[in-house]
Amino acid sequence: MSPSPASSLLYRRLADHYLAAIQSKALAPGNRMPSVRDLMRQHQVSLSTALQALRHLEQGGWLEARPRSGYFVRQARRQVLPLNDESSLLNPTVPMPAQYVGIHERVSEVIAQGRKHPVTFDFSSATCAPELYAVEALKNASIRALRRHPTVLTSMMSHNGNQAFRQVLAKRSLGIGIKVVPEEIIVTHGCIEAINLALRAVAQAGDMIAVESPTYYGLLQVLESLGMRALEIPTSPRTGISIEALQLAVETYPDIKAVVVVPHLQNPLGSIMPDAHKARLAELCEQHGMAVIEDDSYGDLVADTTSATALKAWDRSGNVIYCASLNKVLAPGMRLGWMIGGRWQARLEMLKFAHTRANEEWAQIAAADFMGSSAYDRHLRRLRETLRGQCERTAEAIATHFPAGTRVSMPQGGTLLWVELPQQLSSKTLFEAALQEGIKVAPGLMFSNSHRFDHFLRLCCGQPFSPHIEQGIKRLGEIVGELLHKRSKVDETAVKQLVVSG
């Protein structure tokens, strides 16, 4: 028998009861929560209800789970407003194909402006501070690699990548639902080369590619450079690309060659695609002969690792090309990416050879050394926990220092926050004003060919949160307020002039 609506919501009522206690300071930061058994006994609820309530509070950032110790109250924070009403973001109207004429110019202009000014606070990057990565371990692994392979820098590179590195990747792929042999892995110069090669393999100039909207501006640049047309598909900040909107697009434009998606911690939204959506997407694309290009650069940063099963795990015919990299999770300076080509494997191998030849092996050997040890998993656990705290504190700083009406996404992992500015304030205007004071952000207009996201900006939480970082967030919020005030004065003057002239 299905549970009643009342019993289904029981865990929410229990969670709200303790949330009220946390917000009223009856339960202070650091206090231990009642155990699962205590909750069951005190509130006469089931084990499942007690666990759901605790996990709900943990996902909301109010509790933290400590191994073998239970749940504890985290530093209290103000409620962060949700991003947008899902219905407004996922309106299943027929999207229009974009030519992306001028996206290079637009993105290049923003990047060039950012380089002209000295930067004190850089919130624009999607990577972490160097000290958050395994600096010492990678240094030692690199030294060992040279000692064990003294001619590695003077020898020809291995076809498709170092065998030891590919073996480690194949073994780790099992944990995300992918069964692959090392020989089926192609090592690339970061994930962006992998995506570039995948697009070349499945389409040609003039073809249409479905993309998430908003999406990573680097993908838009690649599409323009290849002469391909892009179809922006509405994307949720919680569940990723809209399957319904994609279905409608397929019925309208039957010649879509591929869809490019980031299932885990999508850039810039931070959404995580539920497993049911992954299965539906894989099936839909297979039915209509559309390739799926999966960018899984952020999968290892998902807070709940049970949600990080690769979309390719639902691939039944080799229709999914899987792409990933170490840029965000281990070492941006190594530029190590890889791909699994499915039914395009042979073509991708030849395209890689023609495009850039093989990658150098020193970095691959060092990475294989570290990733093959338990230290790598410990590094990932520490990084995920550190980033969770940094994102929560940054979101709280935004809620504290930005004007009313600001909305912020709260992703379950990663480094990115997608901020909606109040009163439709232009992020390009904010970008230029903030840059004059040494504050660098990524304006929303970089992530789409339309101006639909001009009142959004992407903020990175990759730097350790500190009074210095909070000062930068505070000043950014003040600039938003000053721009809104200036605009309101201009509007008032315009109204007065109209009244006088009338």
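One definition before we click on anything: buried means under 20% relative accessible area, exposed means over 50%, and partly exposed is in between (1.4 Å probe, protein chains only). This is a predicted model, where local features need pLDDT of at least 70 and side-chain atom pairs count only at pLDDT 80 or more, while totals for chains, interfaces and linings use all residues. Residues are numbered from 1 along each chain as its sequence is written, and side-chain values use heavy atoms, with hydrogens and water left out.

**Stop 1**

Select Glu-385 and Arg-388. They form a salt bridge, with the closest N and O atoms 3.0 Å apart; the term means a side-chain nitrogen of Lys or Arg within 4 Å of a carboxyl oxygen of Asp or Glu. Both sit in helix H15 (residues 374-401), and being 3 residues apart, they are separated by about one helical turn. Helices here are DSSP runs (H or I, at least four residues), numbered from the N terminus. Glu-385 is partly exposed, with a relative accessible area of 35%.

**Stop 2**

Next, pick Lys-352 and Glu-193, whose side chains meet in a salt bridge (3.1 Å, N to O). Lys-352 lies in H13 (residues 345-355) and Glu-193 in H9 (residues 190-202), so this pair ties together parts that are 159 residues apart in sequence. Buried or exposed: what is Lys-352? Lys-352 counts as buried, at 3% relative accessibility, and Glu-193 counts as buried at 5%.

Then jump to Glu-244 and Arg-280, a salt bridge with its closest N and O atoms 3.2 Å apart. Glu-244 is in H11 (residues 243-252) and Arg-280 in H12 (residues 275-287), 36 residues apart. Glu-244 counts as partly exposed at 45%, and Arg-280 is partly exposed at 36%.

**Stop 3: a helix pair**

Finally, show H8 (residues 163-173) and H14 (residues 362-371), which pack at about 40° with their axes 8 Å apart. Axes are lines fitted to C-alpha atoms over the stretch in contact, with angles running from 0 to 180 degrees between N-to-C directions. That angle makes H8 oblique to H14; under 35 degrees would count as roughly parallel, over 145 as roughly antiparallel, 65 to 115 as roughly perpendicular, and the rest is oblique. For the contact (heavy atoms within 4.5 Å), highlight residues including Phe-165 and Leu-169 of H8 and Ala-367 and Met-371 of H14.

How values were computed: Helices (H or I, at least four residues) and strands (E, at least two) are DSSP runs, numbered from the N terminus.
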